[in-house]
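Student: Could you walk me through this one? I'd like to go feature by feature.

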Amino acid sequence: MADTKTSSDKSSSGLFRAFLKAFNWGAAARLFFGELKQSLQSQVDHFLCRLEYLFVLYLWVSIGLLLLIIGLFNLVADYTKVPMGVVFSIGGLVIFLAAFILLQAARMKNASQRRDL
């Protein structure tokens, strides 16, 4: 007849090994997801810094262009003796048409790229 003490030791050691294996898998998964989270956070931080830099840069460029255009409109109004309202209306129309043409060109380029895929 089998000894009860050795059979209980075998089953408890098997249970203990299964517990250790599950614990090791859990620790490995936690380490993996921790590193993944840290990597994603660093990439997001880098992306946000880059986005902030580009936003400030484009803001400066936009403000510079706005002041340049306003200055040109004032020069045209002063030297040609045309009323300011007319100069700003015509200038706004020219800028609107240029933006509209560029937007349509970008749409056509985007549509042609989609067809090529």
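Tutor: Helices (H or I, at least four residues) and strands (E, at least two) are DSSP runs, numbered from the N terminus. The model is predicted, so local features need pLDDT of at least 70 and side-chain atom pairs 80 or more, while totals for chains, interfaces and linings use all residues. Residues count from 1 along each chain as its sequence is written, and side-chain values use heavy atoms, without hydrogens and water.

Student: How many helices and strands does the chain have?

Tutor: By those DSSP runs, the chain has zero strands and two helices.

Student: What share of the 117 residues is buried?

Tutor: Buried means under 20% relative accessible area, exposed over 50%, and partly exposed in between (1.4 Å probe, protein chains only). On that scale, the buried share of the 117 residues is 3%.

Student: Which residue in the loop between helix 1 and helix 2 is that, with a positive phi though not a glycine?

Tutor: Helix 1 covers 4-80 and helix 2 covers 84-116, with the residue in the loop between them. The phi is about 60°, and the residue is Lys81.

Student: How are the rings of Phe96 and Phe100 arranged?

Tutor: Rings of Phe, Tyr and Trp (its six-membered ring) pair if their centres lie within 6.5 Å; planes under 30 degrees apart are stacked, over 60 edge-to-face, the rest tilted. The structure holds four such pairs. Phe96 and Phe100 both lie in helix 2, four residues apart, about one turn of the helix. Their ring centres are 6.4 Å apart and their planes at 25°, so the pair is stacked.

Student: And what about Phe32 and Phe33?

Tutor: Phe33 counts as exposed at 52% relative accessibility. The Phe32 and Phe33 ring centres lie 5.2 Å apart with planes at 70°, so this pair is edge-to-face.
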